[in-house]
There are 2 protein chains.
Amino acid sequence: MNDQLRLDRVRNVLVRLEETIIFSLIERAQFCRNEVIYEPGALGEALEGHSLVGYLLHETEKTHARLRRYTSPDEHPFFADLPSPVLPALAYESPLFPNSVNVNERLWCLYEEEIVPSLCREGDDRQYGSSAVNDVMCLQALSKRVHYGKFVAESKVRAMPERLGPLVRAGDGRGLMAAITDPDVESGVVQRVERKCRTYLRDLEGGIGPTLDPLAIVSIYSRWIIPMNKEVQVAYLLQRGDWRPRDPEA
Amino acid sequence: MNDQLRLDRVRNVLVRLEETIIFSLIERAQFCRNEVIYEPGALGEALEGHSLVGYLLHETEKTHARLRRYTSPDEHPFFADLPSPVLPALAYESPLFPNSVNVNERLWCLYEEEIVPSLCREGDDRQYGSSAVNDVMCLQALSKRVHYGKFVAESKVRAMPERLGPLVRAGDGRGLMAAITDPDVESGVVQRVERKCRTYLRDLEGGIGPTLDPLAIVSIYSRWIIPMNKEVQVAYLLQRGDWRPRDPEA
């Protein structure tokens, strides 16, 4: 099988993304919630009607799109109106079925309404720029983690065609959700994330600002990241149907 | 004294920045050196003659400048041709003497020629975009750390005017360097950074890619970050001269 789809390789990517996500969330938690940075128009007309975070995310995505970030099958933009790449395309065949699954709109909502309030102290410390820069890093890391479900799903369906094939053909989303769910793997992820958070946060004790509760990050994993990753898996499998890659090694 | 200049507060900012720097360097070290991203023009005409990293840093700074990042006395751009802020200015009096100390040009050189090679595996893994995104984060974090020397210096000169005043008035850079140097504090920083690196890297063992040697990051601190921070302190003090803040509380 394509190296990118070996389940141990997919799992390693997910494990490595844990550091990126935990580090970004810890960085964001230095600052207060700063609700005004999420309100469209609240910081003036010059942001083209966006919130501060929306403006920064849009500008960042425009630049990254020019550098062909979103031609990679593991990257998903939050905005649709992005410029074309200025770098020549990479000769690279995606191992995924061409699909339109993109849950960023909901992820962004959740992030502002659930994740930030669970992570940051209430209030406004005027650190708008730093907060927004960290929000963009968090959103990009979370989006990558959640959409990596496509690689997980493609890897599973190639490994267990007898099990998943009939459910896919029947369009049975609920059955697929049950079939891709592995409570042992999930509780392993949650335990590892908790251990990492405790380690990374220990050194910050006594630093500036109140200490972040490791369980705040653990709960972001169990309440949002893992479920959304599984939803992406199911949505991808339903779009994928009975697809047979031209070259199953690809 | 102004809260921002209390030496314990200044030290806390530096300690907190260690996580930001260590996390960014660990993220960059996932990828190969990818030397081509540092070569101006190597990736085509569309990057306006920049290297890929130069282009991304420039675009990032343009966006951040619009969000008034560089109106803050602890932020220093790498580029001079940046747009004006679109957000209204913050009512904020800098506790620093207005100065032009900016060592980013040399920092950027050092980063590409010394820091990246000491951190990353040799070679090219085609992860240009991800490498460049992490380079920008590293450069911004290192720049903030190095230029925070201005706050350290202002804090010291207010705390020890008898000791530093005569050296400043004599323009005695070498004497100032000796006076601001505290080997115990420096070795404390190095030891703490080593401990943090060992902690943060332990969990990454067995993940994808070869493990980064914690001493690579420690040596970036002792060879580059601490010395450049001290150079900034001295350069700032020499420009500052005998300045007396209108309101010494500011």
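**Salt bridges and the chain contact**

Modeller: The side chains of K196(A) and E19(A) form a salt bridge, with N to O at 3.1 Å; the term denotes a side-chain nitrogen of Lys or Arg within 4 Å of a carboxyl oxygen of Asp or Glu. K196(A) lies in helix α8 (residues 183-202) of chain A and E19(A) in helix α1 (residues 7-28) of chain A, so the pair ties together parts that are 177 residues apart in sequence. Helices are DSSP runs (H or I, at least four residues), numbered from the N terminus.

Biologist: What kind of model is this, and how is it numbered?
Modeller: This is a predicted model, in which local features need pLDDT of at least 70 and side-chain atom pairs count only at pLDDT 80 or more, while totals for chains, interfaces and linings use all residues. Residues are numbered from 1 along each chain as its sequence is written, chains are lettered from A and ligands numbered from 1 in the order in which they are written, and side-chain values use heavy atoms, with hydrogens and water left out.

Biologist: Back to K196(A): buried or exposed?
Modeller: K196(A) counts as buried, at 0% relative accessibility. E19(A) is also buried, at 0%. Buried means under 20% relative accessible area, with a 1.4 Å probe and protein chains only.

Biologist: How many salt bridges are there over all chains?
Modeller: A search of the whole structure finds 38.

Biologist: Which residue forms a salt bridge with E75(A)?
Modeller: The partner of E75(A) is R69(A), the closest N and O atoms being 3.0 Å apart. E75(A) is buried at 12% relative accessibility, and R69(A) is buried at 18%. Elsewhere, salt bridges that share partners join E18(A), E19(A), R192(A) and K196(A) into one network.

Biologist: What about E59(A) and K62(A)?
Modeller: Their side chains meet in a salt bridge of 3.0 Å, N to O. Both residues lie in helix α2 (residues 52-66) of chain A, 3 residues apart, about one turn of the helix. E59(A) counts as buried, at 12% relative accessibility.

Biologist: Changing topic, where is Q233(A)?
Modeller: Q233(A) is in helix α9 (residues 214-240) of chain A, and its relative accessible area of 3% makes it buried. Its side chain has a polar contact of 2.9 Å with that of N229(A). A polar contact is a pair of N or O atoms within 3.5 Å; within protein, one must be able to donate a hydrogen and the other to accept it, and residues adjacent in sequence count only if both atoms are side-chain atoms.

Key. Helix = DSSP H or I, 4+ residues; strand = E, 2+ residues; numbered from the N terminus. Buried < 20%, exposed > 50% of the residue type's maximum accessible area, 1.4 Å probe, protein only.
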